[in-house]
Amino acid sequence: MKKKIILGIVLGLLLLTPIGVWSAGALMSTTLSAASTNATNVKSTAGRVYGLSLVNTNVTLHWVLLYDTAAAPTCNTDTIKFRVPLAQNIPVHTWYDTGIQFSNGISFCIATSFDGTGIATANAVAVNVVYF
């Protein structure tokens, strides 16, 4: 009886694991801010963001803004899909088990305002994106 229960648990865990991440492994993008809005394209085709690891070492509040675009976004014009505020020295680490779907591509900006305007401080914000 114990063998059947253990096998059932293992099979259940395998079924709950996202197939793309399980079979090929996730990818990672890492960026350190420049003195700009840091318009960055992570992936130019559809994908999923599984995790974010972010930190801001500057006293000024910064924002990481994610976009569903196949190219580097126009930070204060393109539609923002997801916003993350970053206060000084308070790291943000998130994990999304099934990922956040991006239909066109995965892109981001780093800015000092929630709408994508405001130049980021150079070497102050680290952005790590786990995606597939």
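Biologist: What is the angle about the S-S bond in the link of Cys-75 and Cys-109?

Modeller: This is a predicted model, in which local features need pLDDT of at least 70, side-chain atom pairs count only at pLDDT 80 or more, and totals for chains, interfaces and linings use all residues. Residues are numbered from 1 along each chain as its sequence is written, and side-chain values use heavy atoms, with hydrogens and water left out. A disulfide (a pair of cysteine sulfur atoms within 2.5 Å) joins Cys-75 to Cys-109, at 1.9 Å from S to S. The link is left-handed, with an angle about the S-S bond of -80°.

Biologist: Is Cys-109 buried or exposed?

Modeller: Buried means under 20% relative accessible area, exposed over 50%, and partly exposed in between (1.4 Å probe, protein chains only). Cys-75 has 6% relative accessibility, so Cys-75 is buried. Cys-109 has 0%, and therefore Cys-109 also counts as buried.

Biologist: What pattern does the protein follow along the sequence?

Modeller: The protein has two helices and eight strands. Read along the sequence, they follow the pattern α-α-β-β-β-β-β-β-β-β.

Biologist: In what order do the four strands of the open sheet stand?

Modeller: Two strands pair if DSSP finds at least two bridges between them. Strand 4 (residues 62–67) and strand 5 pair over six bridges in the antiparallel sense. The edge strands, each pairing on one side only, are strand 2 (40–43) and strand 5 (80–86). The pairing in this open sheet is antiparallel, and the order is 2-7-4-5.

Biologist: Which residue of strand 5 is the bridge partner of Tyr-67?

Modeller: Strand 4 covers residues 62–67 and pairs with strand 5. In strand 5, the partner of Tyr-67 is Ile-80.

Biologist: Which side chain meets Lys-81 in a salt bridge?

Modeller: A search of the whole structure finds one salt bridge (a side-chain nitrogen of Lys or Arg within 4 Å of a carboxyl oxygen of Asp or Glu). Lys-81 lies in strand 5 and its partner in the loop between strand 4 and strand 5, so the pair ties together parts that are 13 residues apart in sequence. Lys-81 counts as partly exposed because its relative accessibility is 39%. At 4.0 Å from N to O, the side chain that meets Lys-81 is that of Asp-68.

Biologist: What value is phi of Asn-89 near?

Modeller: Most residues other than glycine have a negative phi. Asn-89 is in the loop between strand 5 and strand 6 (92–102) and is partly exposed at 49% relative accessibility. Its phi is positive, near 55°.

Biologist: Is Asn-123 buried or exposed?

Modeller: Asn-123 is in the loop between strand 7 (106–111) and strand 8 (125–131). Phi of Asn-123 is positive, near 60°. The relative accessibility of Asn-123 is 57%, so Asn-123 counts as exposed.
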